[in-house]
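Good morning, and thank you for coming.

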Amino acid sequence: MHRLLVLYPEPADPDHFRDYYVAKHLPLVMDWPGVLAWRYSFDVAAPQGESPYFAVFEADFADAAAMSAARSSPQGQRLTADVANYATGGVVVIDYPVQDGTD
């Protein structure tokens, strides 16, 4: 499995971020090809002090090729272009293969 992780620093308008993200951005995720599972949270905590992130999003794909195909698809391009409509604090996007720690 391959995971896409999106970290969002504090936006200029947290209420707008939440409203737009849930009402407009996440519905785009539902049409994203190749996604096996996805999740998000606005309750990002740090072990000590304040978290540098306001929100987090994760999406799982079968492998890196499936993620790459999804990101370059028309739906993936729409998702990427839409980020500027709510993420005024910026965005950190990383991806990695997931290793199963239960074996």
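Let me begin with a term: a residue is called exposed when its relative accessible area is over 50%, and buried when that area is under 20%. Please also bear in mind that the model before you is predicted.

With that definition we may turn to helix α3, which comprises residues 74–82. Which residues of α3 are buried? They are Gly 76, Leu 79 and Asp 82. Viewed down the axis of α3, these buried residues lie within an arc of 125 degrees, and so they line one face of the helix. An α-helix has 3.6 residues a turn, so residues three or four places apart point the same way. On the other side of α3, the exposed residues are Pro 74, Thr 80 and Ala 81.

What do the buried residues of α3 pack against? Their partners are α1 and α2, and I shall take these two helices in turn.

Helix α1 spans residues 14–30, and its axis lies 9 Å from that of α3, at an angle of about 160 degrees. An angle over 145 degrees counts as roughly antiparallel, and α1 is therefore roughly antiparallel to α3. The crossing of α1 past α3 is left-handed. From α1, the contact draws on Tyr 20, His 25, Leu 28 and Val 29; from α3, on Arg 78, Leu 79 and Asp 82. By class, this contact comprises four nonpolar residues, one polar and two charged.

Helix α2, residues 64–72, meets α3 at an angle of about 70 degrees, with the two axes 4 Å apart. The pair is therefore roughly perpendicular. Here Ala 70, Arg 71 and Ser 72 of α2 touch Pro 74, Gly 76 and Gln 77 of α3. The contact of α2 with α3 is made up of two nonpolar, three polar and one charged residues.

Finally, I turn to Phe 57, which belongs to strand β3, residues 55–61. Is Phe 57 buried or exposed? With a relative accessible area of 6%, Phe 57 is buried. Leaving aside neighbours within four places in sequence, its contacts include Leu 4, Leu 5, Val 6, Trp 32 and Trp 38. Val 29, already mentioned for its part in the contact of α1 with α3, is also one of the residues that Phe 57 touches. Phe 57 and Ala 87 stand 30 residues apart in sequence, and their C-alpha atoms are 13 Å apart in space.

Methods:
Residues are numbered from 1 along each chain as its sequence is written. This is a predicted model: local features need pLDDT of at least 70, side-chain atom pairs count only at pLDDT 80 or more; totals for chains, interfaces and linings use all residues. Side-chain values use heavy atoms; hydrogens and water are left out. Axes are lines fitted to C-alpha atoms, for helices over the stretch in contact, and angles run from 0 to 180 degrees between N-to-C directions. Angles under 35 degrees count as roughly parallel, over 145 as roughly antiparallel, 65 to 115 as roughly perpendicular and the rest as oblique. A crossing is left-handed if the near helix is turned anticlockwise from the far one by less than a right angle, and right-handed if clockwise. Contact means heavy atoms within 4.5 Å. Ala, Val, Leu, Ile, Met, Phe, Trp, Tyr, Cys and Pro count as nonpolar, Asp, Glu, Lys and Arg as charged, and the others, Gly among them, as polar. Buried means under 20% relative accessible area, exposed over 50%, partly exposed in between (1.4 Å probe, protein chains only). The arc is that of the directions from the helix axis to the C-beta atoms.
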